[in-house]
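Please look at the sequence and the structure below before reading on.

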Amino acid sequence: MIKYLIISTLVLSCFTIDLDPNTFSNYLEVRISHLHLEWLLDLDNKLVNGTAEYQLKVLKNVDHIDLDIYLLDIFNVYLLNGNSLEFQIQVVQNQTLVQGDKLIIKLDRQYRALENLIIRIKYAYTEKARAAGFLTKEQTQSKKVPYMFSQCEAIKCRSLMPLQDTPSVKFTYSSTVLSKDPLIKVFMTGHQVDSLQLIEHYEETKLYQYSFKLDIPIPAYLIGIVAGEVEQKNVGGNCYVISEPYFLDDYTRELEELPLFLQKMSEYIGPYIWGEYKIVILPQSCPFGGMEHPLLTFASPMMIVGDKSGVGIAIHEIAHSWMGNTVTGNNWSNLWIMESLCVFLERKTYQFVRPKDYDVIEAINGNIDMIEDIESFVDPEKITYKSLHPNTAWKNPNDSFSLVPYEKGYQLLYYLEQLIGEENFKQFLRSYLDNFKFQSIDEDDFYKYLLRWVRLNIQNNQQMIINEIILIYKPWVYDQGLPPRQFNQTTPKYEQAILLANAWIQTNEQPQNANEYKEYMPNQQTIFMQQIMANWNKLTKSKIQSLDDFYKFSGAKQGVQIGFKWYRTIVLCQYEESFWAVRQFLQSIGVRSYIVGIYEVLIQNYLDLAKQWFEEDKYLYHPLVSNKVQDMLNKASIIELI
């Protein structure tokens, strides 16, 4: 953990701030207070020309501004009066393709603390921007116009604009996006507003303008855009679904519970402050499950199963409206502050909108997957990723992302709830949100506020509770591996699924209660399939065939986690009769973790086939996905030669 000592000249005081090691900006000297973007889209050529205007507050005497950039073309930096400012791009310790570079802007004079200034930067980005996903029109459903979407978390936003690209800095924001094609519609983070005044002059005589504004401060990673042939439809109340027109009615039916989710979550945690709630279902090549931009959640179409079993992604992203978007972790070592609180709120909402113990099964599944992730971090460079506070210095913090911050953090929160009581913990969370509203905090802020709240609000067993928090909190956050208190959530529904799976694994006969599976909740079915996959080496090909003949898993429209675990099992067991379904699965999704997970076992067992499939299908995937699989294939080919 990097610490920075601050000494006030007015009142002698000293406190520490958990700094962000993944930004090159001088955000402790000068800070963005408002960002305005103006973008001209040229999606046919995968090019965006932009001008960014920054309103900045000077925190201490400064004569330069350092911003984060990643493979941007910088043309000009200037003041509002038109005077240009000198700038240079500095490569920092060969980080160009890891974290990017530093844009150093020399100001026209030294600015003193508390002064304000405004600068503009004219620049462009292309398909090299790792936050941008450019699809050709052939990759869309209608094949009429190209499509673009963004994914800025964690530090990819610096590839779309020069920024203080750190969750420590929050700013209000506005934007204007210009399209040359009337079929291309645009949605961005924020509320759509009437046209804002343009900064630049354009040669094109006919441009279609979309403007957005957000008066609640957000960090850079929450800026998002989708542009293409997209429409929106109301699903009730303040909730909307956005997608390509062909899919909109089906998606709307699947997501008709959105207003209910929002209502139940608000009843538990407090008012929803953002106004409308919109969710964009992206094309198949979307490489992530969901992304929580305010007023513009992004989600993979894998959540659309047909039976509403996949909409947990939407509940999770709605929860970010409070946990992450309102109160934010101040660096990527504190991702758990956003994600674990969000998982906790998501599962609390399940208690109101799903059958009994649905939330418990989710927690059990999460624990199983978390243990797998913890055990996977064997590289000494990644060993700290087993903790809730990983070291991300000189790394792309995305590499540290796993289920550890989600599930290990959730288990801490669940344990605290058991310790101080369910109603008390709800009141603590509400107080926490109110106290840190619109701020970025670290793990120590959370810890100190928790102790203070307990001292002020808990009378029964207060000292025992405080002693236990002091004993377990820091080991839970900083120690690597499993939490200091054993996970203890359980339900008979878990044992039921395990017993049925074991009956298939351990006997040669079809279990008498085999039909029971069809009555399980979807996440209970995942427990069953996890047990099948974990025991793949005990399964004969005839047993795999019996399972498939009875349940019709191969090629079925089912939850993506169930499909993923089944198709990994198929490959591990070398059951080639269902490889057609494995290929079909790989062609139907774009999410990185699932594609990489299938190719991982495919490469181990069928390297030549993996090469053939990937060569034919790689155009379907986002570069973040195809680059990863290509890297895996390259490494496997080198090992094969050795």
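In this predicted model, Lys264 has a relative accessible area of 23%, so Lys264 counts as partly exposed. Its salt-bridge partner is Glu267, which is partly exposed as well, because its relative accessibility is 45%. Under 20% a residue would count as buried, and over 50% as exposed. The structure holds 28 salt bridges, and some of them are described here by topic.

- Between Lys264 and Glu267, the N to O distance is 3.8 Å.
- Helix α2, residues 258–269, contains both Lys264 and Glu267.
- Three residues, about one turn of the helix, separate Glu267 and Lys264.

- Arg583 and Asp617 form a salt bridge through their side chains, at 2.7 Å from N to O.

- In the salt bridge of Glu53 with Arg120, the closest N and O atoms are 2.6 Å apart.
- Distant parts of the chain are linked by this pair, with Glu53 in strand β4 (residues 47–58) and Arg120 in strand β9 (residues 116–126), 67 residues apart.
- Glu53 is buried, and Arg120 is buried too.

**A network**
- Salt bridges also link Asp68, Arg158 and Asp165 in a network.

Technical notes
Residues are numbered from 1 along each chain as its sequence is written. This is a predicted model: local features need pLDDT of at least 70, side-chain atom pairs count only at pLDDT 80 or more; totals for chains, interfaces and linings use all residues. Side-chain values use heavy atoms; hydrogens and water are left out. A salt bridge is a side-chain nitrogen of Lys or Arg within 4 Å of a carboxyl oxygen of Asp or Glu. Helices (H or I, at least four residues) and strands (E, at least two) are DSSP runs, numbered from the N terminus. Buried means under 20% relative accessible area, exposed over 50%, partly exposed in between (1.4 Å probe, protein chains only).
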